[in-house]
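Let's take a friendly walk through this model, from helix packing to charged pairs and aromatic rings. Please have a look at the structure first.

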Amino acid sequence: MAEELEKKFNHEDTLKIIEEELKDLLGNEVYDSKAVHGWSSQIVERVLKKLCKQNKPFKYIVTCVIMQRNGAGLHTATTCYWDKKLDDSCSHPWSNPTMHAICTVFAVHIGTQQ
């Protein structure tokens with residue numbers, strides 16, 4: 001039973017990882033269109049690295065959207081055709097006075113079905 005739980009996708013742990021990376025990389029920054037590509041690349045790489053260190057049976061897809069905070073709306077949606085018992089995803093929004101960011105993780109289970 002404990003082994004099964006260790007192999008499941010953990011929303012709380014994943015949201016904590018995302019939040020830590022967003023705060024660490026963007027927390028004190030002011031929006032700069034020239035820096036956004038680098039920030040988003042660093043965020044997805046760091047989140048992916050931490051997820052892989054968990055050594056769980058998943059392939060991960062990590063996305064990050066960063067937008068200047070200027071009053072414009074930002075709406076996102078995702079849908080997946082997968083095994084609802086094993087695969088999962090989560091998103092975490094973050095913002096500061098100059099920008100909004102949303103990081104999403106998709107976890108696709110690899111291995112034998114139970």
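## Helix packing

H2 passes H3 in a right-handed crossing, a crossing being left-handed if the near helix is turned anticlockwise from the far one by less than a right angle, and right-handed if clockwise. Helices here are DSSP runs (H or I, at least four residues), strands are runs of E with at least two, and both are numbered from the N terminus. H2 and helix H3 (residues 36–53) pack at about 145°, their axes 10 Å apart; axes are lines fitted to C-alpha atoms, for helices over the stretch in contact, with angles from 0 to 180 degrees between N-to-C directions.

Contact means heavy atoms within 4.5 Å. Among the residues making it are Ile17, Ile18 and Leu22 of H2, and Trp39, Ile43 and Val47 of H3.

A word on the ground rules: this is a predicted model, where local features need pLDDT of at least 70 and side-chain atom pairs count only at pLDDT 80 or more, while totals for chains, interfaces and linings use all residues. Residues are numbered from 1 along each chain as its sequence is written, and side-chain values use heavy atoms, with hydrogens and water left out.

Glu20 and Lys50 meet in one of them, at 3.5 Å from N to O. Because Glu20 lies in helix H2 and Lys50 in helix H3, this pair ties together parts 30 residues apart in sequence.

Glu21 forms a salt bridge with Arg46, the closest N and O atoms being 2.6 Å apart, and another with Lys50, at 2.6 Å from N to O. Shared partners join Glu20, Glu21, Asp24, Arg46 and Lys50 into one network. Glu21 counts as buried at 3% relative accessibility, whereas Arg46 is partly exposed at 30% (buried means under 20% relative accessible area, exposed over 50%, partly exposed in between; 1.4 Å probe, protein chains only).

## Aromatic cluster

The whole structure holds 3 aromatic pairs; rings of Phe, Tyr and Trp (its six-membered ring) pair if their centres lie within 6.5 Å, with planes under 30 degrees apart counted as stacked, over 60 as edge-to-face and the rest as tilted. The ring centres of Phe9 and Phe58 are 6.0 Å apart and their planes stand at 75°, so this pair is edge-to-face. Phe9 sits in the loop between H1 and H2, and Phe58 in strand S1, 49 residues apart.

Phe58 is buried, with a relative accessible area of 7%. Phe58 also forms a tilted pair with Tyr60, 6.0 Å centre to centre and 40° between the planes. Phe9, Phe58 and Tyr60 make up one aromatic cluster.

Technical notes
A salt bridge is a side-chain nitrogen of Lys or Arg within 4 Å of a carboxyl oxygen of Asp or Glu.
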